[in-house]
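I want to find my way around a structure that is new to me. These are my notes, in the order in which I looked things up.

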Amino acid sequence: MDVAKKLCFSLLLVVLLVHYGNSTTKKKETTMGDRVSQLMDWSSRKSVIRLNGDKFRMYLKSTPRNYSVVLMLTALQPQRQCAVCKQANDEFTIIANSWRYSNQFSNKLFFAMVDFDEGQDVFSSLKLNSAPVFIHFPAKGKPKKGDTMDIHRVGFAAEQLSKFIAERTDIQIRIFRPPNYSGTLALVLLFSLIAGLLYLKRNNLEFLYNKTSWAIAALSIIFAMTSGQMWNHIRGPPFMHKNQQGQVAYIHGSSQGQFIVETYIVIILNAAICVGMVLLNEAQHMKADAGKKRIMALIGLGTVAFFFSLLLSVFRSKYQGYPYSFLIK
Amino acid sequence: MADTGSKTDIRNSLTKPAGWLSLVTFAVLSLACVAGFSSRLFAVIRFESIIHEFDPWFNYRATHHMVATNFYDFLNWFDERAWYPLGRIVGGTVYPGLMVTSGSIHYVLSLLNIPVHIRDICVFLAPMFSGLTALATYFFTKELWTPGAGLFAACFIAIVPGYISRSVAGSYDNEGIAIFALMFTYYLWIKAVKTGAIFWGALTALSYFYMVSAWGGYVFIINLIPLHVFVLLLMGRFSRRIYVAYNTFYILGTILSMQVPFVGFQPLKTSEHMAAAGVFALLHAYAFLQYVQGVLTKSEFRYFFLFAIVAAAGLVFLAVVGLTWAGVVAPWSGRFYSLWDTGYAKIHIPIIASVSEHQPTTWVSFFFDLHILICVFPAGVWFCIKNINDERVFIVLYAVSAVYFAGVMVRLMLTLTPCVCVLAAIAFSKTFEIYLKDDTTKSNVEEEKQEKNSQYYDKVQPGKKQRIREDRPKDAEGIGMNIKSIIIICLLMMLMLFAVHCTWVTSNAYSSPSIVLASYGNDGTRNILDDFREAYYWLRQNTDDKARVMSWWDYGYQIAGMGNRTTLVDNNTWNNSHIAMVGKAMSSNETAAYDIMRLLDVNYVLVIFGGVIGYSGDDINKFLWMVRIAEGEHPRDIKESDYFTPQGEFRVDSSGSKTLLNCLMYKLSYYRFGELQLDFRTPPGYDRTRGVEIGNKNIKLTHLEEAYTTEHWLVRIYRVKDLSNRIEATFSDTKAKKPKVKYSRKTSKKKRGSLKHKPKVVPGKKPTKKTKTKSKKN
């Protein structure tokens, strides 16, 4: 539904853009009053106004203005492969909507955006070569040093944007996030699925007594935690690291950090050692001849020894000055 | 560790196997205790018998106070030397178990006429308790699995770095004794569940009481045991034994835990304890239903059951919601809340987020602290689930919950460590049991012995044994001695690697007192940097007894413990706004800071500065946290972004932000540092920690003066000057200002304070009569 809504909106937007694009370019010289009413008109339709190069110059560069504009410069086209832009856009839309539907909505502040593919000249005129960038265009004069939001330090959460806007314009925007039901919905779905499954199988609840599935469930929690998935969840590290030469690093260089792919490797290593340990034990109870038992025991031992030494060498590469290794350097 | 396996051979060959068994057990356990004790002594041997770090200093000070006075004085102790001007009610805000333990050891020793200084007892308390922990773990594992596994577990816990990190000699902290209490409580609980005796249940409650008095982590027990009972109910394993054990434990444990002043009525009021109460009610409901089931017919019971379930669930839910809403039951406290909603602390509580112990855990720290155990213990979980019974449910639940908490917070690795040791011991012991047995000389003696020894009540055990017996004939053509010995040797090598790793980690990572630092020269000579104690001793000797010292909260306990002076904030971070005030003073410019320091009545300011020796844990590196905490309370005056360069970097050199280069912390750290040239390759004022030349070399202090700087500049103390005797007038409305009115000879009547009809005195003439008479009339 959400996607359909967005699609609808963007279609509408395209239509509007074409329409207004034609109408605005015709009259070159517009008064300030005209511009404000035009902006009001747009922002009442869509909280974030989409600008191209011409409109950017007309509404943000021309003087006099009596309105502030918070501009997001971004690259949303899929071929630009800007994952951050998408998140930034979501946050920006949230704050724009909060402003649009708050009771202090006025013509003092507008939210606008320029997509790289629609206004490359804007990027070059502002000397920007990265996206996303948030710039505040004050009512008087040009943007100063502090008018570019420092997203590297504070991030681009809507709350931070609101703080930034309050700093620059003295307009306090209370963030209203559309409540996120997806987590709750997923939980409800999961529970109803389980309940449904139990109900369907109510005559045959044997599977609840299946120790193997319970054991696997417990082990997966343990593996997830011991490999630092919680750290990933809280810190949000990159999946892997690609340096300038195009080499890919799967393992983080220091013991203080880790990449997501690295934790997956650790899960596999941990699980392999555990499987090896179980094999070592099951070899004894197997109903097979001695040769097979022997092979199984040796496989178990090999798995434990090999993967453990692999894990140790990964650890060694991360922890500077660690002296010990086993089988593999 | 090999002893555990070889005992089978010995047992076969000798006539009195029971005697040998206990001898070997005793020998292994005592060796584990000795190894555990001695591997914790690195710091004592390298440096001296000294209390470490920060929190232990407070514990030591409190213990010293208790020994010097008496127990009741200690409980009523109001410490006016902390949190000036608020003070701190120590008796009501500490877990007294630690102090009472070492105090009573001291008391017993002095009764026996053995004079030991209380400091030595405090230093060696944690290593001593590590031995007791090993014993408790042995008994716990023995109840869960076999005595052999117990010995493995005892050996593991004795040397595992995850536990050593909190229990080296000198780290006199709650955790040192709490892990023993934790394991002992769990052992008694398992015993109570197995026997169903009130005796064991009551002992569990007693041990739980000791745990409550020792450490805030007791909440883990009071949630894990009810969870165990709840899961057993779900599994249909309800029995009289569990009913008796839990009720005895819960009732006695709750009443006992409320005797600790710091805990008080929390067990009845806070959400953390509600699960235990809920399970208590549920257990009774379940027992009641079982009773009703015996009375009613089947169809009647079904309706009754449904009705009862719905009614009970609704009632409990309404009651909890209502009580929480009415404010009787407090919602979760911030620290616990941050365990569930992992992003919570980062956003809302900088003081929690700033502590490095509260960070999430990387896989490296898991491996660093537990080495091979972290890889092997899932296999132990696997075996436990495959051969499940009542008490193994407990260890599985323990493992799964503790591993989650350890993933969220580094410091909770401590609670995970014992269970990892137990489960890894189970996995190893099971493997060794298989591969150490000699196939060829199999006797039935051993098996009968085992059956006699172990009085298992559970259904699993006999089944398992039967299967083994069926397999026996096939064992004869089993794996073969060569392969078996290869496997054993390989596993033993890994275990040896584990032991070596533990020693290395203990020696390199966990044995620094952090009060005394050591640096090593190129030729391997050791250089002791004793600046901290030098500075605190200076404070103790050269300042007024009532002097107030302002420093960042990390050093509060040390100033109070070693310097014996009043501090404003300390490591017991209970008052965030007070800390923010100090942070604000540190991050303001000198004039603004002086106003705050006047308000807070500060006499001395103490900063830690590592730029000379390259010590990275100094105040400049912590400075951003001060700014952040100050910004949280005073967002108008302090802004974090002011302390960064336009590029968003935190720099102390000349390109750093002006606000940073003129704030109090910067000035105090780098005062006169610009004149100091450390060596000829670097310019004067070169900061070795940050690796830059400082940006503001010409620092002048107006309201403070340097009082003392230690040998390596690590600690710098400044005296806050009193108000100067005469303030130069700068304001227009002060009295000291010159009067505005100008005199002129011509309009002398407008002179201030002049008489209206003052007689004009003309030189050479007498005053006129008119004025004379008038003055008489008046």
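The entries below go from confidence to contact, sheets and cores.

**Ground rules.** I am working with a predicted model, where local features need pLDDT of at least 70, side-chain atom pairs count only at pLDDT 80 or more, and totals for chains, interfaces and linings use all residues. Residues are numbered from 1 along each chain as its sequence is written, and chains are lettered from A and ligands numbered from 1 in the order in which they are written.

**Confidence.** I noted the overall scores: ipTM 0.77 and pTM 0.77. Then I looked up pLDDT, the predictor's confidence in each residue, from 0 to 100. Chain B averages 82, and 82% of its residues score at least 70. Which elements of chain B have the lowest and the highest mean pLDDT? Helix α25(B), residues 444–453, is lowest at 42, and helix α12(B), residues 198–214, is highest at 95. Helices (H or I, at least four residues) and strands (E, at least two) are DSSP runs, numbered from the N terminus.

**Where the chains meet.** I found 50 residues of chain A and 49 residues of chain B in the contact. On the chain A side, α6, α9, α10, α11 and α12 each supply at least two residues. The largest share, twelve residues, comes from α11(A). How does the chain A side divide by residue type? I read 30 nonpolar, twelve polar and eight charged. Here Ala, Val, Leu, Ile, Met, Phe, Trp, Tyr, Cys and Pro count as nonpolar, Asp, Glu, Lys and Arg as charged, and the others, Gly among them, as polar.

**A strand in chain B.** Next I turned to β7(B), residues 604–608. Why is it largely enclosed by the rest of the structure? Five of its five residues are buried, so the strand is largely enclosed. Buried means 20 or more other C-beta atoms within 10 Å of a residue's own; exposed means 12 or fewer, and partly exposed lies in between. B:Tyr604, B:Leu606 and B:Ile608 cover one side, B:Val605 and B:Val607 the other.

I followed its partners; strands pair if DSSP finds at least two bridges between them. β5(B) runs parallel to β7(B), with two bridges. B:Met550 has B:Val605 as its bridge partner. β11(B) runs antiparallel to β7(B), with five bridges. There, B:Ile608 stands opposite B:Val715.

**A sheet in chain A.** I traced an open, mixed sheet of four strands in the order β1-β3-β2-β4. β1(A) and β4(A) are the edge strands, each pairing on one side only. β1(A) pairs with β3(A) in the parallel sense over four bridges. One bridge pair is A:Arg50 with A:Met113.

**Cores.** A nonpolar core is a set of buried Ala, Val, Leu, Ile, Met, Phe, Trp, Tyr and Cys residues joined through C-beta atoms within 7 Å. The largest has 241 residues, and B:Met211 and B:Leu373 are among those with the most contacts inside it. Helix α24(B) gives the most, 16 residues. Apart from this core lies another, of 37 residues, including A:Met72 and A:Leu109.

Technical notes. Contact = placed C-beta atoms within 7 Å.
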